[in-house]
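Thanks for making time this morning.

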Amino acid sequence: MKTTQIMKTFKRVLLLFIAIFLLAIFYNYPKLNIIAGYTVKNTASSVFLAKRNLQFTDSTDTNFSPVNLAFNSIDKNKNEAYSSAFGLLSRKAKYREGLGSVLVVEGASIEENPLIPKRATADQNERFPYGNLEPIDTVFSEINYDKLDKAVNDMFNETFKTRAFLVIYKDKIVAEQYAEGFDKNSLLLGWSMTKSITSTVMGILQCNGKLNVYDEAPFEEWKDDERKKITIHNLLQMNSGLEWVEDYNSISDVTKMLFLAEDVTKLQINKPLVGEPNKTWNYSSGTTNVLSAIIRKQFDSHQAYLDFWYEELIDKIGMNSMVLETDMKGNYIGSSYAWATARDWAKFGLLYLNNGQWKDASLFDKDWVTYATTPTPTSEGWYGAQIWLNAGGRYPDVPKNMYSFNGYQGQNVFILPDQEMVVVRLGLTKNADVNHFLSEILNSFK
């Protein structure tokens with residue numbers, strides 16, 4: 001009798017555990033798209049674009065929770081990567097030369113022979129930063145190199161997980177260091193630093209008279225409702241009032257866009273107003289991809305759209321390592337996916353430090369720098385036109401006119417105009433104390 005009772009109790013407990021397990025799968029199944037989608041996209045880019053092997057990628061780019069729970073594999077013959085989340089959901093990403101890797105959406109077809117951007121030949125005749133030859137070693141009497149080296153070395157520990165650190169002073173590299181497995185030729189993902197690339201392309205169009213950022217955004221979807229009042233300026237400042245949730249830990253607007261959408265421009269375009277333009281600052285990667293869509297509208301052909309970013313910005317200043325990745329519809333994912341070496345990210349900072357001048361060319365003028373670094377209303381002095389600011393004094397020991405291009409997990413290009421300095425930090429965690437390490441670098445200058 002006791003045995004029968006024990007068996008009944010065991011069955012009830014087992015059924016309860018099964019029910020809980022199935023309920024957990026049902027509730028969390030959509031989140032598996034984040035795990036598998038994030039992992040496979042970054043695996044494909046790391047292996048095929050950045051030329052790192054799968055084992056190294058698993059131990060670096062995708063080694064944090066929960067994405068490290070996915071099982072990853074690659075097919076070198078097909079230029080494809082695959083990720084499986086607990087064997088319950090699998091995703092695929094495909095690498096295409098010139099366009100980077102793209103996350104394949106289930107049920108969607110991928111173009112076999114897509115248009116690719118035309119690229120300029122890298123300048124191997126001039127020294128960095130205006131070419132790609134090694135810079136001449138320069139010693140500045142005003143720098144305490146022992147202090148500078150200590151400030152840089154402090155960034156390379158298990159907590160900060162810095163991969164690359166670079167200090168440019170008066171156009172010269174005065175400090176440069178890389179983590180094991182990385183060097184000056186390593187391509188590193190800028191994440192949301194790509195937003196500043198998108199903004200700059202818009203600035204070039206503005207300075208060339210191709211568009212006016214104070215015009216209303218050119219979308220048919222908005223012409224018959226209150227959204228018609230939204231200007232390109234509002235979008236650049238992320239101050240449109242459009243609904244958007246930027247949460248990477250759940251199935252939110254941003255994860256739907258990056259991991260489930262064929263066209264990354266559509267989700268934000270179709271969102272309603274929840275605030276008032278110019279009065280409702282809200283950080284939105286979707287908004288940046290709306291800007292990419294607006295840029296695409298300025299050209300008569302898709303080829304011209306693809307080429308412009310490289311011809312008039314990226315290759316023009318010798319960021320020849322940079323690759324902007326596209327979605328399945330050929331839009332540059334201007335919110336998130338630009339890869340480049342630390343030195344090439346530094347060139348982008350120097351372009352702003354020099355107010356848009358690059359050798360004998362003027363890509364944009366000082367007025368654009370002033371515009372892009374003017375604080376957005378309601379951002380508490382923290383944000384400009386897709387550029388982060390210190391105008392509100394968030395970093396108290398750093399000059400208030402310092403501004404930066406920032407990305408997920410601590411990707412940064414800091415521009416310090418008064419000090420004629422650019423600081424690049426690329427890593428895997430955002431926990432580094434920016435105020436401390438920048439002030440330490442500044443303190444190494446007498």
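By class, how many nonpolar, polar and charged residues does the lining of the second largest pocket have? Before I answer, please keep in mind that what you see is a predicted model. The lining has 11 nonpolar residues, together with 3 polar and 3 charged ones. If you want to find the place on your screen, look for Ile34, Ser65, Pro66, Tyr248 and Asn249, which lie nearest the centre of this pocket among the 17 residues that line it. Helix H2, covering residues 32-49, gives the most to that lining, with 4 residues, and the volume of the pocket comes to about 350 Å³.

Let me turn now to the helices. Two packed helices are described by the angle between their axes and the distance between the axes. For helix H9, residues 285-297, and helix H10, residues 302-314, the axes come within 9 Å and cross at roughly 120°, and the crossing is right-handed. On the H9 side the contact is made by Ser292, Ile295 and Arg296, while H10 brings His302, Tyr305 and Trp309. Sorted by class, this contact has 3 nonpolar, 2 polar and 1 charged residues.

I would like to stay with Ser292 of helix H9 for a moment. Is Ser292 buried or exposed? Its relative accessibility is 0%, and therefore it counts as buried. Leaving aside neighbours within four places in sequence, Ser292 is in contact with Tyr305 and Trp309, and also with Thr198 and Tyr332.

Notes. Residues numbered from 1 in each chain as written. Predicted model: local features only at pLDDT ≥ 70, side-chain atom pairs only at ≥ 80, totals over all residues. Heavy atoms only, no water. Axes fitted to C-alpha atoms, helices over the stretch in contact; angles between N-to-C directions. Helix = DSSP H or I, 4+ residues; strand = E, 2+ residues; numbered from the N terminus. Left-handed = near helix turned anticlockwise from the far one by under 90°. Contact = heavy atoms within 4.5 Å. Nonpolar A, V, L, I, M, F, W, Y, C, P; charged D, E, K, R; others polar. Buried < 20%, exposed > 50% of the residue type's maximum accessible area, 1.4 Å probe, protein only. 1 Å grid on protein atoms, 1.4 Å probe; cavity = no way out; pocket = protein on both sides within 12 Å on 5 of 7 lines; lining within 4 Å. Points joined across faces, edges and corners; volume = space filled by probe spheres on them.
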